[in-house]
2 protein chains.
Amino acid sequence: MRDSSARDVKGAILDAAETLLAGNGYKKMTIDDLAAEVGIGKGSVYLHFSSKEEIALSHIDRIIERLKVRLENIAARKASAGERLREMLIERVIFRFDSVQHYTQSLNDIFAKIRPSLLERRKRYFDEEARIFSALVAKGIESGEFARTNPRNAADALLVATNSLLPYSLSTQELGERPEIERRAATVANVLLKGMISRES
Amino acid sequence: MRDSSARDVKGAILDAAETLLAGNGYKKMTIDDLAAEVGIGKGSVYLHFSSKEEIALSHIDRIIERLKVRLENIAARKASAGERLREMLIERVIFRFDSVQHYTQSLNDIFAKIRPSLLERRKRYFDEEARIFSALVAKGIESGEFARTNPRNAADALLVATNSLLPYSLSTQELGERPEIERRAATVANVLLKGMISRES
């Protein structure tokens, strides 16, 4: 099997996982179901993934890879660094929100089962996102738009400040309230950029 | 039974829950164990709480009640509104951190079991905290220290921005890193108060 077709199978298994999560949910999803959905043998699934948990985590990995491309695209736009950061903060919230939108009911299930491994994994996600934010913060400092600060610490603070709006921390009800979540992300982004303290004081 | 002694029994059950959570953890804690620890009958436990989950949630309620007293105390201090808000933001993170410090190992357990009800409950916690923050933001606006804004929206943004540092969102490893969590809370608080955008620009 060439490398590209191995990637195709892996992708097809993750696509199947997405379909099944939207259907019967995580608890009822079996490796047999996944193999049947892709049209391959159970053994082939295990060639790529060691367990159901590993599939759920890889599925989340893929969402983050797609998000990173979108963040890079916004960072490359022509606009002030502040405007780009603001859009990137909203995007990291809303892109994840939209990615799990069709199976919000099974999210409680998934998060209950994989919480410890997911929390470990999130460190890597946040580190990768932080690099993209940090590069833009550095540019904003260089141009004089942002106050002098350590770009990586500032990037970490921006992520920490919006992390509680990611699906893991939202209740099932909140996962139905896209405009409300977007509004909260925008408000936090504004406060982070402008600060509470009056510029006249 | 007078009201005050009913409160005593309730408190004693919650104290017992804290002890047992630090010992064998949530999964192994039974109503029988709790009754034995308090020295009352199992039926008496059920007079106050309908289930083990209800006890875990009430235990968290009590932590929040104590936190609110501490936040009110900081809000009443003599210092700039900004300095008080900064300390309140760190306190809401660190007080919760310290409250669960002796049973971090069973937190994964607890959160996995009660995640949906806890997320619902958190709405009320955040609402109560937001009132305390909002009152101080309003004072800071009145005195000209803060830029004009809707105090409640600003308070909500301050809470959202520090919510990802609360125990529910921390991995077991992070729950061992008090100085690191305190540093992150302080950094976010600084960015929220001063903003990223340069005051000279």
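Let's start with chain A: of its 201 residues, 36% count as buried. Buried means that 20 or more other C-beta atoms lie within 10 Å of the residue's own; exposed means 12 or fewer, partly exposed is in between, and the C-beta atoms are placed from the backbone. This is a predicted model, so local features need pLDDT of at least 70 and side-chain atom pairs count only at pLDDT 80 or more, while totals for chains, interfaces and linings use all residues. Residues are numbered from 1 along each chain as its sequence is written, with chains lettered from A and ligands numbered from 1 in the order in which they are written.

Now the fold. Chain A has 8 helices and 0 strands. Helices here are DSSP runs of H or I with at least four residues, strands are E runs of at least two, and numbering goes from the N terminus. The C-alpha atoms fill a box of roughly 65 × 40 × 30 Å along the principal axes. Take the contacts in chain A with a separation of 6 or more: residues 24 or more positions apart account for 67% of them. A contact means that two C-beta atoms, placed from the backbone, lie within 7 Å.

Next, domains. Chain A splits into domain 1, residues 1-49, and domain 2, residues 53-194. Those bounds come from an automatic or database domain assignment. The domain centres, taken over C-alpha atoms, are 27 Å apart. Across the boundary, 10 residues of domain 1 contact 13 residues of domain 2. The domain 1 side has 7 nonpolar, 1 polar and 2 charged residues. For those classes, Ala, Val, Leu, Ile, Met, Phe, Trp, Tyr, Cys and Pro are nonpolar, Asp, Glu, Lys and Arg are charged, and the others, Gly among them, are polar.

On to the pair. How is chain A laid on chain B? A turn of 180° and a shift of 0.0 Å along the axis do it, with an RMSD of 0.0 Å. That is the relation of a two-fold axis. The superposition is by least squares on C-alpha atoms of residues with pLDDT of at least 70 in both copies.

The contact takes 36 residues from chain A and 36 from chain B. On the chain A side, the elements giving two or more residues are H6 (104-142), H7 and H8. That side divides into 17 nonpolar, 13 polar and 6 charged residues.

Look at H8 of chain A, residues 178-194. Its 17 residues should span 24 Å at 1.5 Å a residue, and the end C-alpha atoms are 24 Å apart, which agrees. The expected span is 1.5 Å times one less than the number of residues. Buried residues in H8 include A:Ile181, A:Val188 and A:Leu192. Their cover includes H5 (81-100) and H7 (151-163) of chain A, plus H7 and H8 of chain B. After H8 comes A:Gly195, with a positive phi near 80°.

Now zoom in on A:Ala161, in helix H7 of chain A. Is A:Ala161 buried or exposed? A:Ala161 is buried, with 29 other C-beta atoms within 10 Å. Beyond four places in sequence, A:Ala161 touches A:Val188, A:Leu192, B:Ala161 and B:Val188. A:Val188 is 27 residues away in sequence, but 7.3 Å away in space, C-alpha to C-alpha.

Last, A:Leu158. Leaving aside neighbours within four places, A:Leu158 contacts A:Leu85, A:Leu89, A:Phe133 and A:Leu192.
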